[in-house]
Amino acid sequence: MSAKPKVFVTRRLPDNVEARLKRDYDPILNADDHLPGADEVVAGCKGADALLPCPTDKITAEVIERLDDSVKAIATFSVGYEHIDVEAAKKRGIVVTNTPDVLTDATADIAMLLILGAARRAYEGEMMVRNATWGAWEPTGMLGVQVTGNRLGIMGMGRIGQAVARRARGFEMEVHYHNRSKLPAAEEFGATFHETLDGLLAVSDILSIHCPSTAETRKSINAETIAKLPDGAIVVNTARGNVVDDEALIEALKSGKLFAAGIDVYDGEPNIHPGYRDLTNAFLLPHLGSATHATRDGMGFKALDNLDAFFAGKTPPNRVA
Ligand code: DGY
């Protein structure tokens, strides 16, 4: 009987996923779910055949250079893989995989929650109820922005952007999108394409960000681009924090240029820009996009499907490098 491949797993994973790992692999698990640093990842990978990291692990070029020669694959428990230096992995002949598709619906659901929560002042309303500062129903109290029938701009019309467009149709929204290229009609879900980001911003009463973090998109929502949104617009981010310039967004929320923001992802999270904490018009969640039992199981199973294929000598279905 040949030995099972050894996998270093950086974080505690859902029970169903760890059960499959134990059945099919020789895993090194993280029972107390502490955040391992670079040295621990490198040491843990000694003699391991694969590494299974999460978005909280910075698998930099330096970490990859220090990995034991035994490591042949990195299967991240995430769709995003900007935390892994894929070029460094390629140089060392290490295969890298991610987990697309399975988190599309859960993330699109959270985007809708943020759109509704920001537009209808859910944070302020909840605080009034909890803090007993709610006086009486008022004809002019706690007025928000109507979501139904409003104009939604989707920045990045990949899987998650499309899933948000589908949901927005249920709210009778007028949907617009900007993407690297125009999609076939079947993938547009009735949305109108804008060749430029400026074109999209001009018609986005609600802007929902769904692009990956790349050199081109980093800080692309900044003072200059926010100025191009209609006055009183709403910005929602479930993609990556560093697509937004925090200072500019906070300033626009303070000045009233923007009505509100709904945010699930932050530059440098969990150490968010402190300016967000004081803003009552920022509806804030702690990176919950994919946080459902079904989705986290799905992500783990997908990471394992990729390792299964790799160790069976096949091309993993979600190979990114
Ligand atoms: C991912 O998989 O990249 C997500 O951000 C996790 O929610």
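A salt bridge is taken here as a side-chain nitrogen of Lys or Arg within 4 Å of a carboxyl oxygen of Asp or Glu. The structure is a predicted model, in which local features need pLDDT of at least 70 and side-chain atom pairs count only at pLDDT 80 or more, while totals for chains, interfaces and linings use all residues. Residues are numbered from 1 along each chain as its sequence is written, and side-chain values use heavy atoms, with hydrogens and water left out.

The chain is divided into domain 1 (6-102 + 293-311) and domain 2 (104-284), with bounds from an automatic or database domain assignment. Their centres, taken over C-alpha atoms, are 31 Å apart. Contact (heavy atoms within 4.5 Å) involves 6 residues of domain 1 and 5 residues of domain 2. The buried area, that is, the accessible area (1.4 Å probe) that two parts lose on being put together, summed over both, is about 500 Å² between the domains, and carbon and sulfur atoms give 41% of it. On the side of domain 1, E82, D101 and T295 lose the most area to domain 2, together 65% of what that side buries.

Across this interface, 2 salt bridges are found. The side chains of E82 and R240 form a salt bridge at 2.5 Å, N to O.

In the whole structure, 4 aromatic pairs are found, a pair being rings of Phe, Tyr and Trp (its six-membered ring) with centres within 6.5 Å. The ring centres of Y266 and Y276 are 6.2 Å apart and the planes stand at 70°, so this pair is edge-to-face (planes over 60 degrees apart; under 30 is stacked and the rest tilted).
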